[in-house]
Amino acid sequence: MNRLHIGFDAMPDELRSGIELLKTDYPIVADADGDVRTVRFERADESKLTVSTTEGVTTVRYRDKAHAFRAIGRLLGDPRPVTNAIAFSEVPNVDFLGLMLDCSRNAVHTPENIRRWIRRLALMGTNALCLYTEDTYEVPDEPLFGYGRGRYTCLLYTSPSPRDRTRSRMPSS
């Protein structure tokens, strides 16, 4: 995996927090020492991602943040030495590109795992993450939400929970 030097002084504000988060998992460095590819970002009006190298600096021209993070992902994974010039462009075919992650029943993720997914997906150029939760959460004042499915099944077919002593959760016949 290539190391990227991204100068935070000239970086657009809209990318700063996302790149800071990527630094926790990927080799993005603040100094240009050693074997690194120097990257700078320019906002563009056209809906196209363009990456080019001039005089040892790789310039990423992007319209949407997802395009910029897609470029970072491609630059990190490029198999060529960082000293080689690189150029590519992409025109997105869709406005909404995302993943629906199953978080229901026995697939409930930790918050940190969700954050890790978001960082990985950003490097692929996605701009959405949907969580399929079914009935793994509670709805206040709706004790029968998810009746017969998910996490409530055990409670519904055994004794009522202590918080329901005044009102049974079992459906009346």
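Me: How many salt bridges does the structure hold?

Reply: This predicted model holds 13 salt bridges.

Me: What makes the contact between Asp13 and Arg16 a salt bridge?

Reply: The side chains of Asp13 and Arg16 meet at 3.5 Å, N to O. A salt bridge requires a side-chain nitrogen of Lys or Arg within 4 Å of a carboxyl oxygen of Asp or Glu, so the pair qualifies. Asp13 and Arg16 are three residues apart in helix H1, and are therefore separated by about one helical turn.

Me: Why is Asp13 called exposed, and why is Arg16 called partly exposed?

Reply: Asp13 has 63% relative accessibility, and exposed means over 50%, so Asp13 counts as exposed. Arg16 has 27% relative accessibility; because this lies between the limits of 20% and 50%, Arg16 counts as partly exposed.

Me: How do you know that Glu46 forms a salt bridge with Arg61?

Reply: The closest N and O atoms of Glu46 and Arg61 are 3.7 Å apart, and the cut-off is within 4 Å, so the pair is a salt bridge. The pair links distant parts of the chain, with Glu46 in the loop between S3 and S4 and Arg61 in strand S5, 15 residues apart. In S5, Arg61 also stands opposite Glu42.

Me: Is Arg119 buried or exposed, and what makes it so?

Reply: The relative accessible area of Arg119 is 10%; buried means under 20%, so Arg119 is buried. Arg119 forms a salt bridge with Glu112, the closest N and O atoms being 3.0 Å apart. Glu112 is partly exposed, because its relative accessible area is 35%. Asp25, Glu112, Arg115 and Arg119 are linked in a network of salt bridges.

Me: How do you know that the span of helix H3 agrees with its number of residues?

Reply: Helix H3 has 12 residues (111-122), which at 1.5 Å a residue should span 16 Å; its end C-alpha atoms are 17 Å apart, which agrees. Among the buried residues of H3 are Asn113 and Ile114. What covers the buried residues of H3 includes H1, H2, strand S7 and strand S8.

Me: Why are S3 and S5 said to pair?

Reply: Pairing requires at least two bridges, and S3 and S5 have six in the parallel sense, so these strands pair. S1 and S3 also pair in the parallel sense, over three bridges.

Me: Which residues have the most contacts inside the largest nonpolar core?

Reply: They are Ile6, Ile19, Phe41 and Ile72, in a core of 25 residues. H2 gives the most to this core, with six residues. Residues that Phe41 touches include Ile6, Ile19 and Ile72.

Notes: Residues numbered from 1 in each chain as written. Predicted model: local features only at pLDDT ≥ 70, side-chain atom pairs only at ≥ 80, totals over all residues. Heavy atoms only, no water. Core = buried A, V, L, I, M, F, W, Y, C linked by side-chain atoms within 4.5 Å. Buried < 20%, exposed > 50% of the residue type's maximum accessible area, 1.4 Å probe, protein only. Helix = DSSP H or I, 4+ residues; strand = E, 2+ residues; numbered from the N terminus. Contact = heavy atoms within 4.5 Å. Expected span 1.5 Å × (residues − 1). Lists of a residue's contacts leave out its neighbours within four places in sequence.
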